[in-house]
Amino acid sequence: MNRILFILCTVLVLASAAAGAETPFTGRSHITTEHFQIIFEHHDERYAQEIAQYADEVLKELSDILGYMPSETIPVAIAGRTALANGFYSPMPHSITLFVTSPSTRFLGSRTSDWLYSLFVHELIHYVHLTEPKGPPRLLAPIFGPDIKAMNTAFMPGWWIEGIATYGETVFADGGRGEDPRFSMFWRAPLLEDRMWSFSQSAYQSAYPPSGRIYVSGYIMIDYLIERFGPDVFSDINSRFVRFPFFGMSYSIGRTVGVSGRQLFADMVESLKVEAFSDLPEEQGEPFSPERTGNYHLPRPTQEGWIGWVTELGSLPAVSRYPGSGLRPDVLAHVSLTDQFSLDVTPDGSAALAAVYWEDQTHSASSFMSPVSYSDLHLIDLDSGSTRQLTIRSRLYHPTISPEGSWAAAVERVGTRYRLAGIDLSSGETHVIYENPQGSVYEPVFAKDGSSIIAVEVIRGMAALIEVDFDGTKRELWPHADEAVFAPRTQDDRSILFSSDRSGTLDLYQYRMDTQTAKRLLQDPAGVLGADILGDELVYSTYRSSGHALRSMHLSSLDPVSAEAPAAASFPDEQDEREYAPYEVKKYYDFPRPGLWLPIPIFESDGSIAPGGTAMLTSVLGMHGVSLTAGWNISDSLPIIQASYTYTPGWGMLSLSGEMNSLRMNSQQQWEREHGLSASLTLPLRQSVGMTPRWLISSSFLGGYRHSSTSDTLFIVSQVGYQRHYLQPRGAFFGGTSASVFGGTETVIRIRSNDVFMYPFVRTSAQVRLPWANHVIRTEADAVAAAGSLFSSQERFLLPRGNPSWGVAQWNRNVHAKLKGTLMYRIPFGNFDIPILFGGLIGAGASVFAQSALYLETDGVSWEEDIYGGIEIAADLGFAALSRLRPSVGVTVGLLSGKYKVYADLSIAPLFSGLRSAEATIQR
């Protein structure tokens with residue numbers, strides 16, 4: 001292959017990427033290096049080729065440090081049709097996914113010069129760290145398959161998993177969270193208030209701030225460990241831990257360094273206090289936002305007062321008006337923003353412009369691992385609450401409204417960059433105002449006279465404050481330098497407030513455009529994220545242990561100090577970029593890969609247990625999944641086999657399944673062995689593209705064949721459904737308001753008796769979130785009918801909750817239809833942050849329910865003659881690797897018959913998707 005200049009390849013491929021950003025999906029390709037297989041769509045080839053140039057070199061460097069070099073080819077999937085920044089390591093199969101979209105919030109900090117490089121380093125550290133075959137996986141992987149290596153992560157605390165990766169992104173790449181002053185606020189604020197979380201709470205995420213606690217805990221802990229004990233300490237502790245992980249990480253740390261993890265965490269906290277409390281400025285002003293758990297982001301000054309975005313724990317996110325003095329804000333409109341910077345309000349306070357995130361479930365390029373997503377602009381009338389969607393399928397962020405209110409500007413995602421775009425508020429049409437191929441623009445705001453736009457520009461990790469005319473002319477106000485710049489707000493025609501960390505922590509500065517001079521206006525013990533002025537009042541954003549908070553002060557209280565602009569950074573000439581030869585591109589096929597098998601017994605319907613095992617295969621993109629369960633029934637001397645295949649492209653889901661010798665109860669209430677084949681297809685037909693409520697229309701089809709010694713049955717099911725979901729609060733245990741309705745027909749053909757049964761059915765549900773403590777009232781109504789007698793086929797229809805067999809009514813008369821009704825009251829016990837073994841209890845709740853049924857007979861309507869009542873108790877358990885589990889236990893009681901059944905759901909699906917939930921029952 002001919003060698004070409006990097007810049008030439010970049011320009012050519014970038015041009016095709018921009019032209020094909022929303023091109024039709026035509027499949028994926030891949031390139032292969034010595035150690036990596038990089039998978040991408042054709043318009044993302046530039047990023048694949050970039051990563052390929054340094055991937056092998058980075059792997060060698062990280063492997064030398066972590067002490068392990070994977071021998072297999074490492075899959076890396078690139079997702080380019082997303083609106084949010086993300087990346088992850090997946091253990092089944094072991095692979096890496098990278099989103100091209102860089103963070104609109106710059107959560108890795110302004111000093112990150114190359115988003116994909118930093119993200120790749122972070123996720124590759126996960127891969128190397130979590131696939132090393134030490135301890136039990138070293139013995140088990142050759143027997144049970146490569147994915148069994150994921151078992152170590154089930155015992156690792158979250159801070160240990162994310163800590164080394166966050167440390168690595170900081171040390172081995174430019175920037176990273178360790179160099180972001182906003183990231184340090186997450187631990188500084190709790191220390192200053194003496195409200196630091198515990199060592200055990202570092203193991204998992206909870207509903208309480210900071211939202212990335214395992215990242216924060218992990219970084220400061222790993223940094224402290226390496227600083228105190230040297231660069232090899234992580235590998236030494238990890239090797240000891242994975243050899244026998246069941247005693248926990250604190251034990252392994254103690255055995256390695258002589259100090260337990262708990263004591264080491266306490267020592268680290270004390271050392272950080274010394275750092276956090278040195279040269280501490282005084283707290284300024286008075287509380288402006290309420291002292292509640294939640295995030296109160298920097299508001300906009302308007303004629304109606306201060307208006308901003310609020311996300312309180314347990315309440316719906318909302319555009320709200322602040323009364324000040326620590327009082328709770330008044331809700332104007334409920335909305336969930338793409339990020340905290342994606343809201344502006346007109347000067348008169350009558351309307352808000354918001355960027356709202358949504359995922360397209362009908363896009364052919366969507367996948368389970370990386371759904372296609374967008375960020376569209378919506379204009380909200382704050383008086384009436386009505387909204388108007390301005391854009392459809394765009395990726396726009398950080399809107400700002402012109403002073404006269406006729407048009408707006410926003411930043412628009414282009415690959416890994418952001419450019420400045422203009423938006424006509426009457427038509428929604430967009431046009432490019434300014435872009436720099438070397439960098440990105442963030443947080444634009446109009447000058448007070450509307451003559452220009454002020455924004456932050458970041459080039460290769462160097463931030464600047466810039467002014468842009470509407471013809472695209474740019475002027476640097478605060479030059480590009482190795483200093484963070486956030487939240488510019490214009491005051492009078494020539495004055496700008498912004499936040500910068502040039503002193504080490506974030507302080508508030510004022511820049512005068514007429515004199516080209518700057519002053520430092522304000523410091524805060526935790527830092528100043530930004531500020532604005534209304535009249536004689538200054539409101540600034542900071543961080544507290546309860547979340548983002550606001551404080552206010554009179555302008556006369558400020559003590560300005562002159563500040564010199566930093567020395568302007570110099571950037572290397574593009575011609576200095578190194579040459580590279582692009583890798584050969586080939587078509588990619590997302591075949592399932594061998595994962596693991598586990599010796600899991602088969603629990604049969606009659607309560608017997610057959611020894612057996614389950615094998616699972618999954619593809620890198622998650623489009624294909626295969627599960628095979630096989631066992632041997634000792635008493636009957638028969639093999640039991642269950643197999644399934646699932647295909648989930650962007651347009652829907654196709655499932656095929658088969659079973660042999662499954663135990664079923666026949667129409668004579670006798671157990672018999674049965675074989676079966678089935679296929680199902682689910683298609684999303686149409687969905688909402690705007691703000692909530694979000695709705696989806698879908699259809700599904702199921703067909704199959706069952707054979708036993710007494711019957712041969714064909715069955716066909718078709719249905720159409722509608723689902724509608726409203727906004728729900730963060731931490732709402734039972735979710736928010738929602739509704740759904742599904743209707744269809746099931747046809748059962750019994751071949752030997754030549755009987756055909758048709759059962760039209762309707763399933764509806766609705767729940768309403770009550771205004772107090774997120775309690776929920778839920779109703780369900782399920783109906784099924786038949787042309788003849790509903791029970792002539794001896795099918796079991798609409799059993800009470802928990803599926804007790806005694807809920808089947810035996811009727812001697814013709815029953816043409818059955819309606820089961822459910823009323824449920826759901827009581828959340830609250831959001832918790834209580835450590836448990838290897839994780840934490842983060843929520844719990846109870847559901848009290850009542851059910852009964854009506855029957856349509858030839859001579860009228862009959863009642864079931866019993867009422868089924870019961871209670872279910874569920875808990876949310878947070879773990880590092882398992883994310884979140886919700887085990888539950890319940891009891892169903894026949895209030896008139898006195899019969900009852902206890903049932904439990906012990907789902908472990910988040911870890912191994914092929915495993916089934918276990919159900920324990922006690923019945924009388």
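**Reading a covered helix**

Mentor: In this predicted model, helix α8, spanning residues 233–243, is mostly covered, since eight of its eleven residues are buried.

Trainee: Which residues of α8 are buried?

Mentor: A general idea comes before the list. An α-helix has 3.6 residues a turn, so residues three or four places apart point the same way. In α8, the buried residues are Val233, Phe234, Ser235, Ile237, Asn238, Ser239, Phe241 and Val242, where buried means under 20% relative accessible area.

Trainee: What do the buried residues of α8 pack against?

Mentor: They pack against other helices, namely α2 (45–66), α3 (115–131), α4 (136–144), α5 (158–171), α7 (213–229) and α9 (249–257).

Trainee: Stepping back, how many helices and strands does the protein have?

Mentor: The secondary structure comes to ten helices and 53 strands. The radius of gyration is 30 Å, close to the 29 Å that the globule rule gives for 924 residues, so the protein is as compact as a globular protein of that length. Along the principal axes, its C-alpha atoms fill a box of roughly 95 × 60 × 55 Å.

Trainee: What share of the 924 residues is buried, and how much accessible surface does the protein have?

Mentor: Buried residues make up 56% of the 924, while the accessible surface comes to about 38300 Å², with 55% of that area belonging to carbon and sulfur atoms. As for contacts between residues at least 6 apart in sequence, 55% join residues at least 24 apart.

Methods:
Residues are numbered from 1 along each chain as its sequence is written. This is a predicted model: local features need pLDDT of at least 70, side-chain atom pairs count only at pLDDT 80 or more; totals for chains, interfaces and linings use all residues. Side-chain values use heavy atoms; hydrogens and water are left out. Helices (H or I, at least four residues) and strands (E, at least two) are DSSP runs, numbered from the N terminus. The radius of gyration is taken over C-alpha atoms; the globule rule is 2.2 Å times the number of residues to the power 0.38. Buried means under 20% relative accessible area, exposed over 50%, partly exposed in between (1.4 Å probe, protein chains only). Contact means heavy atoms within 4.5 Å. Accessible areas come from the Shrake-Rupley method with a 1.4 Å probe; for residues, only the protein chains shown count as cover.
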